[in-house]
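Visitor: I am new to this structure. Could you take me through it by question and answer?

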Amino acid sequence: MSGPGPLRVGVVGVGWQGSGHLQNVVAEPRCRLTAICDLNRELLAERASTFGVAHTFTSYRDLVACDEVDAVVIVLPDHLHREPATTALEAGKHVLLEKPMALSVDDAEAIAAAAERAPGRFMLNLSNRWMPAFAAGKAALERGDLGAVRYLYARMANRLEVPTKRLPWLQRSHLAHWIGIHRLDIACWYLGSEVSRVRAVERRGVLASQGFDTADLFQATIEFACGAVMTLEGNWILPAGYPSLVDSRFYCLCEKGVVDIDRSRSELAVAGPESFDLNTPGAGNILGRQSGFTVEAWRHFVDCCLEGGEPLVSAADGLRLTRVLTAIVDSCRRDGELIEL
Ligand SMILES: NC(=O)c1ccc[n+]([C@@H]2O[C@H](COP(=O)([O-])OP(=O)(O)OC[C@H]3O[C@@H](n4cnc5c(N)ncnc54)[C@H](O)[C@@H]3O)[C@@H](O)[C@H]2O)c1
């Protein structure tokens with residue numbers, strides 16, 4: 001366990017999102033990247049060489065047992081979060097777990113119970129809270145002059161290459177867990193109110209016709225105990241010609257005002273011989289320095305591990321979100337049946 005630092009960090013899963021975590025860990029002077037784990041031996045060797053990592057493992061159990069690891073970052077496919085998270089927590093390590101917490105309430109309860117008993121810190125990596133626009137939206141609502149939130153509309157979408165080429169394991173997850181969670185989390189954070197009931201539908205077609213056993217899109221109506229109502233929708237069939245990998249809109253109508261966050265409006269457009277990309281980077285390497293919202297989320301977690309604060313995104317938040325998201329998936333499977341929470 002950690003004292004005054006450095007925080008010795010092990011990363012489990014060094015794929016697409018895992019590589020961003022590796023960059024954030026090595027960019028933070030209070031951390032030392034001591035171990036990585038992945039089933040893909042070629043990728044493991046490549047990342048170990050790029051990031052200068054001493055210990056490499058193909059089993060997360062071996063990484064968790066490593067004496068030179070104080071904090072474990074879990075960046076595995078959505079359906080594989082429970083065992084590594086509970087094992088690391090039970091071993092007394094701090095845990096940063098990638099979203100979604102889990103795909104079932106049973107798994108999320110097991111992780112939340114382990115986090116409750118554990119001496120280490122636990123945070124679910126809902127890093128979008130650290131995007132300046134979402135953090136500023138929260139501050140604007142907290143000023144009080146906009147009045148109560150009445151209605152929210154949120155959409156998140158991906159280009160088709162995400163579920164087909166980049167992450168074929170996404171068939172085992174669901175759009176709601178994969179990207180719906182980001183905007184549902186912002187809504188719950190803004191409102192501070194429980195979800196009371198949901199109703200949702202999904203549609204299959206484009207992906208099924210290409211052999212992927214998953215829906216193209218979902219649309220949910222979410223009612224909160226405070227009376228606010230939310231439309232949450234998502235899809236992952238945007239065409240290759242869509243000018244960014246991610247499309248996102250968040251609109252929040254209050255009694256006396258509006259908070260409107262349109263991340264598809266970009267300051268940067270890059271036109272190439274065969275592509276047009278509209279994407280202002282929110283995180284990454286800017287002029288040689290790792291910057292942006294994912295770094296800020298990581299720094300917050302490191303602060304909590306080294307100084308003892310409570311992470312902004314708790315295990316209880318993760319469990320609450322899992323309850324709502326699994327209800328959305330259940331309602332989709334039952335063709336829009338109303339589900340009370
Ligand atoms: N916070 C965000 O904005 C954000 C963005 C993207 C992905 N994610 C989340 O991060 C997680 C990983 O997504 P990704 O895009 O990096 O996926 P990925 O497929 O690119 O990477 C997963 C890695 O885990 C490895 N792996 C699989 N099973 C393993 C096992 N049993 N033991 C060890 N290694 C194993 C794979 O070889 C792969 O390298 C998912 O839960 C995803 O939802 C979060």
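Visitor: Where does Asp335 lie?

Guide: A word first: this model is predicted. Helix H11 covers 315-333 and strand S17 covers 339-340. Asp335 lies in the loop between helix H11 and strand S17.

Visitor: Is Asp335 buried or exposed?

Guide: A residue counts as exposed over 50% relative accessible area. Asp335 has 62% relative accessibility, so Asp335 is exposed.

Visitor: What is the phi of Asp335?

Guide: Most residues other than glycine have a negative phi. Asp335 is not a glycine, yet its phi is positive. The value is about 55°.

Visitor: What phi does Leu287 take, and where is its place?

Guide: Leu287 is in the loop between strand S15 (283-286) and strand S16 (289-292). At 88% relative accessibility, Leu287 counts as exposed. Its phi is positive in a residue other than glycine, near 50°.

Visitor: Which residues does the cis peptide bond at Pro100 join?

Guide: Most peptide bonds are trans. Pro100 sits in the loop between strand S5 (94-98) and helix H5 (105-117). The cis bond there has an omega of about -10°. The residues it joins are Lys99 and Pro100.

Visitor: In S6, which residue is the bridge partner of Leu97?

Guide: S5 and S6 pair in the parallel sense. The partner of Leu97 in S6 is Leu124.

Visitor: Which residues form the covered face of strand S9?

Guide: In a regular strand the side chains alternate between the two faces of the sheet. Strand S9 spans residues 217-224. Its uncovered face has Leu217, Gln219, Thr221 and Glu223. The covered face has Phe218, Ala220, Ile222 and Phe224.

Visitor: How many bridges join S9 to S10?

Guide: Strand S8 (residues 195-203) and S9 run antiparallel, with 8 bridges. Arg199 stands opposite Thr221 in S9. S9 and S10 also run antiparallel, and Gln219 has Glu233 as its bridge partner in S10. The number of bridges from S9 to S10 is 7.

Visitor: Which residue takes a positive phi in the hairpin of S9 and S10?

Guide: This hairpin has 4 residues between the strands. The positive phi is near 105°. The residue is Gly227.

Visitor: Is Thr231 buried or exposed?

Guide: Thr231 is in strand S10 (residues 229-238). Leaving aside neighbours within four places in sequence, its contacts are Tyr151, Leu152, Tyr153, Ala154 and Ala220. Buried means under 20% relative accessible area. Thr231 has 18%, so it is buried.

Visitor: What distance separates the C-alpha atoms of Ile179 and Val246?

Guide: Ile179 is in helix H8 (residues 175-191). It is buried, with a relative accessible area of 5%. Ile179 and Val246 are 67 residues apart along the chain. Their C-alpha atoms are separated by 9.7 Å.

Visitor: Which element gives the largest share of the lining of the second largest pocket?

Guide: The second largest pocket has a volume of about 250 Å³. H5 and H11 are the elements that give two or more residues to its lining. By class, the lining has 7 nonpolar, 2 polar and 3 charged residues. The largest share, 3 residues, comes from H5.

How values were computed:
Residues numbered from 1 in each chain as written. Predicted model: local features only at pLDDT ≥ 70, side-chain atom pairs only at ≥ 80, totals over all residues. Heavy atoms only, no water. Buried < 20%, exposed > 50% of the residue type's maximum accessible area, 1.4 Å probe, protein only. Contact = heavy atoms within 4.5 Å. Pairing = 2+ DSSP bridges. 1 Å grid on protein atoms, 1.4 Å probe; cavity = no way out; pocket = protein on both sides within 12 Å on 5 of 7 lines; lining within 4 Å. Points joined across faces, edges and corners; volume = space filled by probe spheres on them. Nonpolar A, V, L, I, M, F, W, Y, C, P; charged D, E, K, R; others polar.
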